[in-house]
Amino acid sequence: MKIISSIEELRDQLRGQLRTAFVPTMGNLHEGHLSLMRLARKHGDPVVASIFVNRLQFGPNEDFDKYPRTFQADIEKLEKEGVYVLFAPTERDLYPEPQEFRVRPPDDLGNTLEGEFRPGFFTGVTTVVLKLFSCVQPRVAVFGKKDYQQLMIVRNMSKQFALPTEIIAAETYRADDGLALSSRNGYLTPDERAEAPRLYQTLNEVADEVRGGHLDIFDLERQAMARLAAHGWKPDYISIRKRADLQPPSAGDLAQGELLVVLAAAKLGVTRLIDNLEI
């Protein structure tokens, strides 16, 4: 595996490659990330991964400096997966001058759910993803469904800018007890880790209620948040939305069987976890 930090060297290395499959990451890789590499290989060749902790998507009170960095271990994992190139730019490589041009998602998609609780987050995401796409020029790129809103925003951005990159969605990779794998799971204490699967259990309970005909969306959301809070969680949201655009479903949407997804974000101790489940 070639490890490259400069954009110029990366472009030289990939020149003439027409089927590149790309998986952008922030490192601290776990089995969920590695499953994305395997899916990428099914859709293209060579497979290129990136590791870059993107300062633009961290808020002023978030954990940029504390974000776990496990570069040598990450290299070993990627080599075992047969990744061809690891693009690992420094901030100076990717942002040689202040990144004053930004890509801002539309308000109805970028300022709801995660965007409401993490202002500016998706502008940071879309800006770095567009820049990484410019560097790698992939034919396909793989993103996990765990970050459901991010997946939708990146897919819409790629479509609206007519980028020659197909966005592939990967199913959420879960531990045996249902907890979605995440780099932030490492912040959980043993007791919190034992409690953490309740988030996914709660999403399943909401989904079962909807499938059973309980269509009072506000009531379902309120009850689910109360159940989490009763077990020591601090929920930001549990929200039932339309898969198509992540807007709240109307009564007509529900009556017509609109495809839905329930999304959640909640703190357990100091660790903020997110998850979702398609209904």
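**Ground rules.** I'm working on a predicted model, where local features need pLDDT of at least 70, side-chain atom pairs count only at pLDDT 80 or more, and totals for chains, interfaces and linings use all residues. Residues are numbered from 1 along each chain as its sequence is written, and side-chain values use heavy atoms, with hydrogens and water left out.

**Entry 1, the parallel sheet.** I started with strand order. Six strands make an open sheet, ordered β1-β4-β3-β2-β5-β6, with parallel pairing. Strands and helices here are DSSP runs numbered from the N terminus (E, at least two residues, for strands; H or I, at least four residues, for helices). Pairing needs at least two DSSP bridges between two strands.

Which strands sit at the edges? β1 (2–4) and β6 (166–170) do, each pairing on one side only. Neighbouring strands are turned by 25° against each other on average, direction ignored.

I then looked at the β1 end. Three bridges join β1 to β4 (residues 85–87) in the parallel sense, and K2 stands opposite V85 in β4.

I checked α3 next. It packs on the sheet and touches β1, β3 (47–51) and β4, its direction making about 170° with that of β3. Contact means heavy atoms within 4.5 Å. For the angles, axes are lines fitted to C-alpha atoms, for helices over the stretch in contact, and values run from 0 to 180 degrees between N-to-C directions.

Helix α8 (residues 148–160) lies across β5 (140–144) and β6, and it runs at about 165° to β6.

What do M1, I3 and F71 form on the surface? They form a nonpolar patch with about 230 Å² of accessible area together. The areas are Shrake-Rupley with a 1.4 Å probe, and for residues only the protein chains shown count as cover. Patch members have over 30% relative accessible area and no salt bridge; nonpolar side chains (Val, Leu, Ile, Met, Phe, Trp, Tyr) are joined within 5 Å, like charges within 9 Å.

F71 belongs to α3 (residues 71–80). Its relative accessible area is 34%, so I logged F71 as partly exposed. The classes are buried under 20%, exposed over 50% and partly exposed in between (1.4 Å probe, protein chains only).

Is T123 buried or exposed? It is buried, at 16% relative accessible area. T123 is in helix α7 (residues 121–136). With neighbours within four places in sequence set aside, its contacts are R102, V103, R104 and P105.

A three-strand open sheet has the order β7-β8-β9 and antiparallel pairing. β7 (234–242) and β9 stand at the edges with a single partner strand each, so one side of each has no neighbour in the sheet. Twist averages 10° from one strand to the next.

β7 and β8 (residues 260–268) run antiparallel and are joined by eight bridges; the bridge partner of Y237 in β8 is A265.

Two helices turned up here. α10 packs on the sheet, touching β7, β8 and β9, with its direction at about 30° to that of β9. α11 lies across β7 and β8, running at about 155° to β7.

How many salt bridges does a search of the whole structure find? The count is 20, with the criterion being a side-chain nitrogen of Lys or Arg within 4 Å of a carboxyl oxygen of Asp or Glu.

K145 is buried at 14% relative accessible area, while E278 is partly exposed at 25%. Both belong to a network of salt bridges that links K145, E171, R243 and E278.

E205 and R227 came next, with closest N and O atoms 3.1 Å apart. Last, E195 and R198 form a salt bridge with closest N and O atoms 2.5 Å apart; E195 is buried at 17% and R198 partly exposed at 24%.
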